[in-house]
Amino acid sequence: MDWSKGEVFLTLLYFMTAVGILQMLIKSYISTYCHHHYMTMVNWMRREYNEIEVKGTIMREIIEKNIHLAFNQSRTIVMLYVIVFLLAPLGYMITVIIRDGLHAVIIIPYVPYDHPHAKLIYYSVELPYTFLAGFLSGIGDSTTIISGIHVMKAIDTVNELIALLDDKEKANQCPNLLIHIHKKHAEIIRILFTLNEIIYIISLVQLFTSTSMFLVLFTSAKTQPFEIVFYIFMLCVVSQLLLLCAFGEMIFSKTQNIFTKLYLTRWYDMSLANQKIILMMMRMSEAPYGLKAGGMYDLNLYTFIQIVKMAISYCAIIITLT
């Protein structure tokens, strides 16, 4: 292939399209086996919204505030995420349409490439399903986004409720406050295991496909610096992996913060029964709770940086050898 004739550009573009569609199909196929876990997450979130009606003014205000924040943040992030994934097929279609010749990635029976209206027919067919693929890819990841945000806000609720323990006036307005905190903390740990079961294979697929796509995109940006479509694809890949790693990082730090919050309470002024509950929660909080890809790789910002660095290193080697 001659780098100056655009053949490499089209090959890299087709590779990105194929990997993206393959990733979406694998995620969709795996998700069918996680239906039970998805329903567990949905039922948990439904209970979180219903819990706004719990008795106790202060507790209700804290729960309601974090639930509304989770809802608003989920709606905003999913909307932006889907828009990004709609820009990718738009940029792709514009790029192939304005180029000379026919560059379709499909074959329509009885319509050869040399047909007088081949370009119009092929692109008319390819345009809707390309946008559909982008839309479904964005919507497909929205489950993880919504679940991750609600888990983080549930952890924030626990941390804020723990802070109430030192305020006797407010704590008296919430009977059995420590019992509620303990139950909520145990429920968060259980739901984190469910979330990890959902993303067990999906996140592993995301890591490997993102690594290969980063390699292609960095190579494309270096060799074809004026092709805007590659930067749009890069935005999609970065948003996919970065969101996943950011959720893992924040969930880990927020769960670790529960231990600190409990230790800083005036546990020494509490009854023996409450001290035992505090001790039990602290013991539960000692274990690191986060997101793992395939049960092996921690999903955090360090993992994201390592993947980007590895892709850049391989990109430099490829460009040097060509």
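Modeller: Quick ground rule: helices (H or I, at least four residues) and strands (E, at least two) are DSSP runs, numbered from the N terminus. This is a predicted model, where local features need pLDDT of at least 70, side-chain atom pairs count only at pLDDT 80 or more, and totals for chains, interfaces and linings use all residues. Residues are numbered from 1 along each chain as its sequence is written, and side-chain values use heavy atoms, with hydrogens and water left out.

Colleague: What order do the elements of the protein run in, from the N terminus on?

Modeller: They go α-α-α-α-α-α-α-α-α-β-β-α. That's ten helices and two strands, and the C-alpha atoms fill a box of roughly 85 × 40 × 30 Å along the principal axes.

Colleague: Why is Tyr-38 called buried?

Modeller: Buried means under 20% relative accessible area, exposed over 50%, partly exposed in between (1.4 Å probe, protein chains only). Tyr-38 has 17%, so it counts as buried. Its place is in helix H2 (residues 35–50).

Colleague: Which residues does Tyr-38 touch, leaving out those up to four places away in sequence?

Modeller: Contact means heavy atoms within 4.5 Å. Tyr-38 touches Ser-31, Thr-143, Ile-198 and Ile-202 on that count. As for Leu-195, 157 residues away along the chain, its C-alpha is separated from that of Tyr-38 by 8.4 Å.

Colleague: Back to H9: which of its residues are buried?

Modeller: Ile-277, Ile-278, Met-281, Met-282 and Ser-285.

Colleague: What puts them on the same side of H9?

Modeller: The arc is that of the directions from the helix axis to the C-beta atoms. These residues cover only 135° around the axis, so they sit on the same side of H9. Their cover includes helix H7 (177–223) and helix H8 (228–263). The face turned away from the buried side carries exposed Leu-272, Ala-273, Lys-276, Leu-279 and Arg-283.

Colleague: How much of the whole protein counts as buried?

Modeller: 48% of the 322 residues.
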